[in-house]
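Take the points one at a time and find each residue as you go.

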Amino acid sequence: MSRHTSCSITAGPAKPAGAGELQLQFQSLIASILRDLPEQGLKEEASQGIDLSIQYMYNHFREKLKLDTLSQIAGLTQTSYSRSFKKAKGVSPVEYLNRIRIDYSKQVLNQEGSIKEVSEMVGFRNEFYFSRMFKRETGITPTLYMQRKQLKVAVATCYRYQDNLRSLGVDAAAVMNCHNYGERSETEHRQFIQDQLNDLRQARPDLILADFRHVPFYEQLKQIAPTVVLDYTMDWRKTHRRIAELVGREKEAQHNFAQLEQKIHYTRHRLADTFGKETISVLRLYPDKIRVQGSVGHPLNELLYSELGLKPGSIVSFKEQNKEFPLASLPPFETDHLFIYKYYLPDQDEQVQARLQQSVSWTGMQAYRSSQIRIIGNWISSSWAPVGQSRIMDELLDL
């Protein structure tokens, strides 16, 4: 029997550096710091110069401003100023100046005066250029902006923009949703889309608000009415503010936020008494899989686990919006309360329920043993607007 051995060479303990070597290291460190100081000083000086030029824009945006003037105020060459400005602000100096002018024009357009007068008042010498820049920035023309409180508004959305409008006191003239929830064949779905487009035409809206999922239908939509495609963001409050601006209901939006914050505060304390340290999980049930909502990355997740302070179940992700598991091989998971949104057709109901009953993971959870499983409406979609969030809290309070 032979024994194989391995050997390694290990360095001995490092010798302490001598006084001369320490002095050299110290001098090298000082030299490195001194080299960085001029560059850091130049960056700070450029930043201060850019801030000065922005202040000048705000004070003189009604006048004709030249890039040369702004760069001189910043103490930079025109090329260096433009490059530094875009790096700091994300847009060019001209774009930034135009935004200042457009923002001020919104206030003036709410008062009396022609578009030509307003364009001159805010520093645009050409009303057609002003209209083009205004539409690029806001999504609608100055004329529509002036009429926005009286517009008939339709929506083309999978994110229930109609609920945002309702929260603002506006009823959607028509609603289009291009998503196929699985109950229609491809041919049937194409016809369904055409029927919805026909409904939009018959509603004769003045404005259509669309989400990114409806971009493929943009050309058809804009033939019906001016169409604004809203930026996609998980920040539902940002979307609500944007919709409020487009329909002239900014004050209503602020009121919605204030009321919602009060309700969240009240509900959080009530639920703390109701649930204590008990955990909750929310899932979507499909014919062949389960999707468990995470604790981040979605308006519903943020509402439940962050704002209301509820405790997540064992397989609720702390890093992802949701996690999916095959229905046939569910991992063991634990939760005291389970809220289910059924994402399948009625004729599949019994089949899916039977498969769940056969799962040891399902029958072993505390929520099942204590009969704390509840069927809910579509909280996922409802959570994108104030009325939906309020309704979710009402359902939780009813427990």
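How do the residues of the lining of the largest cavity divide into nonpolar, polar and charged? Keep that in mind; the answer comes in point 2.

1. **Ground rules.** This is a predicted model, where local features need pLDDT of at least 70 and side-chain atom pairs count only at pLDDT 80 or more, while totals for chains, interfaces and linings use all residues. Residues are numbered from 1 along each chain as its sequence is written, and side-chain values use heavy atoms, with hydrogens and water left out.

2. **The cavity.** The count comes to 1 cavity of 30 Å³ or more, and the volume of the largest cavity is about 80 Å³. Here a cavity is a set of points, on a 1 Å grid over the protein atoms alone, where a 1.4 Å probe fits but cannot get out; a pocket is an open set with protein on both sides within 12 Å along at least five of seven lines; lining residues have an atom within 4 Å of a point. Grid points are joined across faces, edges and corners, and a volume is the space filled by probe spheres set on the points. Around the largest cavity you'll find Tyr159, Tyr161, Asn164, Asp211, Phe212, Leu230, Asp231, Tyr232, Thr233, Thr239 and Trp384. And the answer: 6 of the lining residues are nonpolar, 3 polar and 2 charged. For these classes, Ala, Val, Leu, Ile, Met, Phe, Trp, Tyr, Cys and Pro count as nonpolar, Asp, Glu, Lys and Arg as charged, and the others, Gly among them, as polar.

3. Thr239 lies in helix 11; helices (H or I, at least four residues) and strands (E, at least two) are DSSP runs, numbered from the N terminus. Its relative accessibility is 9%, so Thr239 counts as buried. Buried means under 20% relative accessible area, exposed over 50%, and partly exposed in between (1.4 Å probe, protein chains only). Leaving aside neighbours within four places in sequence, Thr239 is in contact with Tyr161, Leu230 and Thr233, where contact means heavy atoms within 4.5 Å.

4. **Helix 11 as a whole.** Helix 11 is mostly covered, with 8 of its 11 residues buried. Among them are Trp236, His240 and Ile243. Just after helix 11, have a look at Gly248, which takes a positive phi of about 70 degrees.

5. **Helix 11 against helix 12.** Helix 11 (residues 236-246) and helix 12 (residues 250-275) pack at about 150 degrees, with their axes 8 Å apart. Axes are lines fitted to C-alpha atoms, for helices over the stretch in contact, and angles run from 0 to 180 degrees between N-to-C directions. The two helices are therefore roughly antiparallel. The cut-offs are under 35 degrees for roughly parallel, over 145 for roughly antiparallel, 65 to 115 for roughly perpendicular, and oblique for the rest. On the helix 11 side the contact includes Trp236 and His240, and on the helix 12 side Phe257 and Leu260. By class, this contact has 6 nonpolar, 3 polar and 5 charged residues.

6. **Helix 12 against helix 13.** The axes of helix 12 and helix 13 (residues 299-307) come within 11 Å and cross at roughly 50 degrees, which makes helix 12 oblique to helix 13. Glu261, Ile264 and Arg268 in helix 12 meet Leu303, Ser306 and Glu307 in helix 13.

7. The largest pocket holds about 600 Å³ of space. Of its 26 lining residues, the closest to the centre are Cys158, Tyr159, Arg213, Arg284 and Ser381. The second largest pocket holds about 320 Å³, and helix 11 gives the most to its lining, with 5 residues. That lining has 2 nonpolar, 2 polar and 7 charged residues.

8. **Two phi values to check.** Most residues other than glycine have a negative phi. Arg160 is not a glycine, yet has a positive phi of about 55 degrees. Arg160 sits in the loop between strand 1 (153-156) and helix 8 (161-167). Ser371 also has a positive phi, near 55 degrees, and is exposed, with a relative accessible area of 63%.
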